[in-house]
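Thanks for coming. I will go through one structure this morning, beginning with the ligand and ending with a few backbone details.

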Amino acid sequence: MRNLVILGGGTAGTMIANKLHKQLTHEGWHITVVDRDDAHHYQPGYLFLPFGGYTAEEIVRSRHRFISDGVDLVYGEIDRVSAEESVVHLQDGRTLAYDYLVIATGTTPRPDQTPGMLGPEWHRSIFDFYTLDGARALARALDSFDHGRLVVQICEMPIKCPVAPLEFTFLVEAWLREHGIRDQVELAYVTPLDGAFTKPVASAHLGSMLDERKIEVVTDFMVESIDQDRKVLVSYDEREVPFDLLVTVPVNMGADFVARSGLGDELNYVPVDKHTLLSTAYDTIFAVGDASNIPASKAGSVAHFAVEVFVGNFLEHVAGLPMTGSFDGHANCFVESGDGKALLIDFNYETEPLPGKYPIPGVGPLSLLKETHTNHLGKLAFRHVYWNVLLPGHPVPLPAHMSMAGKFVLDRGHPEGGTTP
Ligand SMILES: Cc1cc2nc3c(=O)[nH]c(=O)nc-3n(C[C@H](O)[C@H](O)[C@H](O)COP(=O)(O)OP(=O)(O)OC[C@H]3O[C@@H](n4cnc5c(N)ncnc54)[C@H](O)[C@@H]3O)c2cc1C
């Protein structure tokens, strides 16, 4: 009997457990998933909570309901991994021996990493929406906010769902208009990047959407501290951005036990081969989802596409065969833009988001890098797909690898910025 231990029963860990349970022989393998509690959060739902879009009950479900019978689910806080002994230690003293380990413990917002973020103003005038509590507190604050300066700010990259702060900005702008108070509110978007997004074509497109909405964009802003008394963000190069209401995305970091186990980089992400997801240090350890250091977006879609490739690779690896699957960093993310519309972006390690149609080339029904109502409906429908198709590990009719079919390559030399298929 061989033991597979999966650390983290979130998006990636749940899919992996369910898919491998179907593929590995039950006589030969024992699969265990470890997570700290029984609450599985649909994190994309946090975005809509501040605007009354979802209730907490709609985005939190019992974790065990999504893990196949026959897979052990152990509740406990992971303390460390002794990779040399192939043992996981839980904080309560329990140990789990493994033959193969998958680290899928994601990434967590860490407000403690920025001086001055936590303090009396936390959840009074300074909020995050990357946690359930933060999103709920922000909902209450927006209810009574009717004038002043609202700043959306990212502390440091990488963050999970790198488009979420932009989506929040577009949604809050639309929400202020709906409530007839847009004129009383100054909006600013503060980012450590040199533009609205990491990739040039999408960055230009999303940047012009911020301009059209008269949202001030402050770039290259590396926050050093927050002065709660004066309500200003202070950067390392001594610039200051004042706020009345701050919506921050704190530094995101991998789990602390990864650092304690000597398995992480400086942000506690596990170094892996970006194509196979096998640890660069141990050939019995994989890291999948946000927990790894692959240079792709930290997103549920990436976790999903990576799991598709990982499962085949894992089966080959444990059979002593070379791994033939190669993950390409495929990501696709809806970007809510307010007024019942959204964009969709689809990209990978090599190819930046481009305009076009998805998933059926030339047909869609979804449009790439373009605001449409259909994209917005796609984003809303995704919650159902997540609970009922993705987590149980059912096949999704989308290829794991990014395709160029249906995309247009921007012809930068063209005077009207034309496109060529
Ligand atoms: C506001 C917001 C909006 C988002 N929108 C989108 C979107 O539109 N599209 C998209 O694709 N993605 C989106 N995401 C990102 C997506 O939710 C994550 O990328 C995805 O959940 C990553 O899956 P994961 O399995 O790697 O980590 P997670 O799903 O976060 O799971 C990690 C698990 O590990 C457990 N864990 C961690 N440390 C320990 C420990 N020490 N002991 C025990 N258990 C531990 C946690 O409890 C958790 O259950 C969004 C995220 C946020 C915050």
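**The ligand and its surroundings**

One oxygen atom of the ligand sits 3.4 Å from a polar backbone atom of Ala 299. Before I go on, please keep in mind that this is a predicted model. How much of the ligand does the protein bury? Taken alone, the ligand exposes 1000 Å², and the protein buries 93% of that.

Now the shell as a whole. There are 28 residues around the ligand, and those that come nearest are Thr 11, Ala 12, Asp 35, Asp 290 and Ser 301. By class, the shell divides into 11 nonpolar, 10 polar and seven charged residues. Which helices each supply at least two residues of this shell? They are helix H1, residues 11–23, and helix H7, residues 300–318.

**Empty space**

Next, the gaps. Rolling a probe the size of a water molecule over the atoms shows where empty space is left. A search of the whole structure finds one cavity of 30 Å³ or more. The volume of the largest cavity is about 50 Å³. Its lining is made of Gly 289, Asp 290, Ser 292, Ile 294, Ala 296, Ser 297, Lys 298, Ala 299, Val 302 and Ala 303. Sorted by class, that lining has five nonpolar, three polar and two charged residues.

**The chain overall**

Stepping back, the secondary structure of the chain comes to eight helices and 26 strands. The radius of gyration is 22 Å, close to the 22 Å that the globule rule gives for 421 residues, so the chain is as compact as a globular protein of that length. The C-alpha trace spans about 65 × 55 × 40 Å along its principal axes.

**Backbone details**

Last, a few places to look at in the backbone. Where are the cis peptide bonds I want to show? One runs from Tyr 358 to Pro 359, with omega near -5°, and Pro 359 lies in strand S23, residues 356–360. Another joins Gly 364 and Pro 365, with omega about 10°. Pro 365 is in strand S24, which covers residues 364–368.

Then there is Ser 86, which has a positive phi of about 55° although it is not a glycine. Ser 86 is placed in the loop between strand S6, residues 78–82, and strand S7, residues 87–90. That is everything I have for today.

Definitions and conventions
Residues numbered from 1 in each chain as written. Predicted model: local features only at pLDDT ≥ 70, side-chain atom pairs only at ≥ 80, totals over all residues. Heavy atoms only, no water. 1 Å grid on protein atoms, 1.4 Å probe; cavity = no way out; pocket = protein on both sides within 12 Å on 5 of 7 lines; lining within 4 Å. Points joined across faces, edges and corners; volume = space filled by probe spheres on them. Nonpolar A, V, L, I, M, F, W, Y, C, P; charged D, E, K, R; others polar. Near = heavy atom within 4 Å. Polar contact = N/O pair within 3.5 Å; in protein donor to acceptor, adjacent residues only side chain to side chain. Areas by Shrake-Rupley, 256 points an atom, 1.4 Å probe, with all protein chains shown as cover. Helix = DSSP H or I, 4+ residues; strand = E, 2+ residues; numbered from the N terminus. Rg over C-alpha atoms; globule rule 2.2 N^0.38 Å.
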